[in-house]
Amino acid sequence: MLLNNEWSSFLQKEIQSNSFIQLQKFVQNEYKNKIVFPKYENIFRAFNLLSPSEVKVVIIGQDPYHGVNQANGLAFSVYHENKIPPSLVNIFKELVYDTHCKFPSNGDLTKWALEGVLLINAVLTVVESLPHSHKNIGWEDFTDRIIQKLSDEKENLVFILWGNPSQKKEKFIDGSKHLILKAPHPSPLSCYRGFFGSHPFSKTNDYLRSCANKEIDWCLS
């Protein structure tokens, strides 16, 4: 699978493990025989847009969008021309409330990645129209190890965990040297249970500033 040299080096032990090799074979076979999202070359797009040294914030989603031409390899993000999905609408509502940015005109979050935000799902692939279809095939273990390695080897990162699947990753994060921000998932089913008003964007920048790191420009338009 197409992981750039910097991440391949950073994750050398992880991608050489027997479990990842088996996962890779399974996923390649799925792409040959089914319609799977995101596009094969975009499975690791969230990583390939920034190097491990550039990561400041990690936002963890669940699994990719399962509709045609939605998933673009970044958690919560869709291609520019797509309708903004309901969860992302709610993220943008909180963005406007929290930062006074304008409401974005589209759902492409590539700019956040270029600012240093690693937007990954716990599961990196999905079969068309079958949400969670690649759950428990090995992706969760792989992303667990990525979170653990980022936590172990870096300092002063912000981990944003929205919803229960993302919050299962908390046990792999050292809260003594990183900031962990938790809130309910931004989906319409749970956003009113504490997602709205959680101020993830301003809290992130307050923390980065306190660590003498450059803030994220969250505004997308």
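Trainee: Where does Ala 122 lie?

Mentor: Ala 122 sits in the loop between β3 (117-121) and β4 (126-127), where strands (E, at least two residues) and helices (H or I, at least four) are DSSP runs numbered from the N terminus. This is a predicted model, in which local features need pLDDT of at least 70 and side-chain atom pairs count only at pLDDT 80 or more, while totals for chains, interfaces and linings use all residues. Residues are numbered from 1 along each chain as its sequence is written, and side-chain values use heavy atoms, with hydrogens and water left out.

Trainee: Is Ala 122 buried or exposed?

Mentor: Ala 122 is buried, with a relative accessible area of 7%; buried means under 20%, exposed over 50%, and partly exposed in between, using a 1.4 Å probe and protein chains only.

Trainee: And which residues is Ala 122 in contact with, leaving aside neighbours within four places in sequence?

Mentor: Its contacts (heavy atoms within 4.5 Å) include Ile 60, Gly 61, Trp 139 and Lys 169.

Trainee: New topic: how many disulfides does a search of the whole structure find?

Mentor: The search finds 1 disulfide, a term used here for a pair of cysteine sulfur atoms within 2.5 Å. Cys 101 is joined to Cys 219, with 2.0 Å from S to S. Cys 101 lies in the loop between α5 (86-99) and α6 (110-114), and Cys 219 in the segment after α9 (200-210), so the bond ties together parts that are 118 residues apart in sequence.
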